[in-house]
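Hi,

Here is the structure I promised to pass on.

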There are 2 protein chains.
Amino acid sequence: MSVVLPAEHLAKVLGHSFSDPRLLRQALTHRSFSSTHNERLEFVGDSVLNAVVARALFVAFPQLTEGELSRLRASLVCQDALAEVAGALHLGDYLNLGEGELKSGGHRRPSILADALEALFGAIWFDAGFEAAQAVVERLFAPRIAGIDPSRALKDAKTALQEWLQARRVALPQYLLLRQEGDSPNQIFEVGCRIESLGVETRAEGASRRVAEQAAAADALGTLKDRYPGKAKRF
Amino acid sequence: MSVVLPAEHLAKVLGHSFSDPRLLRQALTHRSFSSTHNERLEFVGDSVLNAVVARALFVAFPQLTEGELSRLRASLVCQDALAEVAGALHLGDYLNLGEGELKSGGHRRPSILADALEALFGAIWFDAGFEAAQAVVERLFAPRIAGIDPSRALKDAKTALQEWLQARRVALPQYLLLRQEGDSPNQIFEVGCRIESLGVETRAEGASRRVAEQAAAADALGTLKDRYPGKAKRF
């Protein structure tokens, strides 16, 4: 696995031909390989991804609230989802990794794959403009967006959080009503979801207490999955 | 203050003339006024703002790391900063607010102003494409980006966090070394910043323990400022 495939192959798979191949190379370079690595591009690319997916969800789901769109996006752009997309592109085969990362299987590590994928989106923006990056992101994520069943994806955040915590023998979250204001149908409920033993507390608003709790639970679950990626293990 | 100024004036000040004035109207409509309100547009607009500012900082500060760029951006797009930009545009005078919000000074509330400003960016993207939205965001934020002194803005996150907490009689944060890997000069330190009594814990990586602590402190301070906007009060 120490043969790195030529980056041009990847450009073809992505459907974007780079005017400046140095941008492509930098997006594929991990910090363990060179000081000209992909972390700054990843910062920009993460924002491209978030914007394009936000717009696509806005258009695809006119009936969903801001909070619901935000939860759907979080599930589409979390590290595990990005690593899956990167895996389908065989992105790991194109990465420039240092000796240590190569030996320890860095080309399969979800965080490294997700970061490189985001860096690619940033590199395309610099290379050919926002619409070019948008086209690539949309092509990669369209099947996932089309496959979303919002009622299924959104209904069960509290249950999913509970299952995640139980699998790790962590005490269940507390839900706290923090604020309630306005009159029906424009009432707003703000709820906190606190997982004391892990130092996590999220907050969310909703038109009902139930909706706000679901949103806060989804946010907490996203935070936990980013912080502790991978399979269940006891804390 | 119950006279709402015509939205077209604002469009002129922003430098964008809307092809679809309904988008402009929706961006200026708070949920207390109508069910066709600005929250979904705000979700998209927030992502436009983050992307444009990310790119502008990337270009302006080639020497800064991803974490440093991220901290600078957080300071530029936090609620208070957005409310200032909105205030300079007199955005409050154009908002459609419900009776209750009008009476309680909603047109001056930072969260309402910040949300409407973001919604405008989303509306411009839908109205005329990303580059149009990018041009408006860049014009509004260029003076602030040009005014950044990175060494000053980045140096003092731990001090700033400490001051924020002391002003509220909250116990000082603990900094925990969570991970240390790799060999110099590619070492990575991961540090946690825990403010137990407020249920806040942030994590950040850096090339040194000091840099990681600063980044984690900046992140914690951003979280706290978003959660508890406004002046100091005891908890």
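Below is what I found, starting with some housekeeping.

This is a predicted model, so to speak of local features we need pLDDT of at least 70, side-chain atom pairs count only at pLDDT 80 or more, and totals for chains, interfaces and linings use all residues. Residues are numbered from 1 along each chain as its sequence is written, chains are lettered from A and ligands numbered from 1 in the order in which they are written, and side-chain values use heavy atoms, with hydrogens and water left out.

An unreviewed UniProt entry puts "domain: RNase III" at residues 7-129 of chain A (positions are in the numbering used here, feature names are shortened, and annotations may be inferred rather than shown by experiment). That stretch is 67% helix and 0% strand (DSSP runs numbered from the N terminus: H or I, at least four residues, for helices; E, at least two, for strands).

Helix α1 (residues 7-14) of chain A buries A:Ala7, A:Leu10, A:Ala11 and A:Leu14. They line one face of the helix, because they fall within an arc of 105 degrees seen down its axis (taken from the directions from the helix axis to the C-beta atoms). The face turned away carries exposed A:Glu8 and A:Lys12. Buried means under 20% relative accessible area, exposed over 50%, partly exposed in between (1.4 Å probe, protein chains only). Just after α1(A), A:Gly15 has a positive phi of about 80 degrees.

Cheers
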